[in-house]
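Please consult the sequence and structure shown below.

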Amino acid sequence: MFKHLREDIAVVFERDPAARSTWEILTTYPGVHALLIHRLAHRLWHLGLKWLARFISHLSRWLTGVEIHPAAVIGRRVFIDHGMGVVIGETAEIGDDCTLYHGVTLGGTTWKKGKRHPTLGKGVVIGAGAKVLGPILIGDGAKIGSNAVVVKDVPAGATAVGIPARILDSEQARQRAATAEKMGFSAYAISQDMNDPMVKAIHAILDHIASNDRRMEAMLKALQQLGVALDKEALPEDRFDVNYLNKIVD
């Protein structure tokens with residue numbers, strides 16, 4: 001028990017720059033309190049004292065703002081930052097060294113019994129407000145961006161953002177990983193230059209259309225200079241405003 005507590009305190013110092021003392025962590029960090037109480041509730045659950053386990057987890061929710069079902073399996077050195085609004089379902093499994101920010105939901109998508117909540121590998125980071133739903137697997141070292149909604153497996157080391165969540169391209173993921181390594185952590189599993197992959201694709205299409213329009217205008221001007229008669233329908237009337245469209249896509 002005390003070994004786990006020492007690990008809980010150490011991981012807060014490691015991942016939260018605001019932490020100043022052990023006493024502060026023990027008295028003011030609801031994520032730490034929630035995990036301590038969950039370990040008691042989890043043990044009672046497996047001893048068959050299911051009502052008592054649920055009642056203790058209910059009290060923990062009232063005290064910390066974190067709702068963890070007593071049957072959920074949580075590994076070591078897990079850090080729940082801020083904590084308020086975190087929901088972890090009955091069949092959820094969280095690997096060692098994971099980080100969850102406030103508002104995260106590890107929820108189910110069916111009313112049927114059995115495995116219906118996510119499994120997180122080791123070192124997973126889930127940003128604030130993200131929803132990870134269903135019996136899916138989030139691979140080791142994966143990152144889920146803030147407010148993402150994940151309903152499919154995420155490969156190890158990948159980053160998923162958006163609604164529904166999409167996997168970022170590998171080059172961007174490598175750049176973010178390098179930045180996170182320099183910083184020491186990746187706050188909320190998202191960086192300032194991270195865009196939804198679908199938005200990036202739309203921007204690329206718009207830029208390509210604008211480029212084609214410029215080429216077409218150049219061709220028409222060249223034909224006119226050569227004396228080729230052109231119908232009015234072939235002449236461009238309304239210029240394609242790519243800047244305006246890029247703004248509304250953002």
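Is F55 buried, partly exposed or exposed, and what is its relative accessible area? F55 is partly exposed, at a relative accessible area of 36%. The model from which this value was computed is predicted.

## Aromatic pair

When the whole structure is searched, one aromatic pair is found. Its members are W51 and F55, whose rings are stacked, with a centre-to-centre distance of 5.2 Å and 10° between the planes. The angle counts as stacked because it falls under the limit of 30 degrees.

Both residues belong to helix α4, which comprises residues 50-64. W51 and F55 are four residues apart in this helix, so about one helical turn separates them. W51 is exposed, with a relative accessible area of 63%, while the value for F55 is 36%, which makes F55 partly exposed.

## Charge over a ring

A further ring contact involves W45. The charged end of K50 is placed over the ring of W45, at 4.5 Å from the ring centre.

## Strand pairing

Four strands form an open sheet in the order β2-β5-β8-β11, and their pairing is parallel.

How values were computed:
Residues numbered from 1 in each chain as written. Predicted model: local features only at pLDDT ≥ 70, side-chain atom pairs only at ≥ 80, totals over all residues. Heavy atoms only, no water. Pairing = 2+ DSSP bridges. Helix = DSSP H or I, 4+ residues; strand = E, 2+ residues; numbered from the N terminus. Phe/Tyr/Trp six-rings, centres within 6.5 Å; stacked < 30°, edge-to-face > 60°. Buried < 20%, exposed > 50% of the residue type's maximum accessible area, 1.4 Å probe, protein only. Lys NZ or Arg CZ within 6 Å of the ring centre and 35° of its normal.
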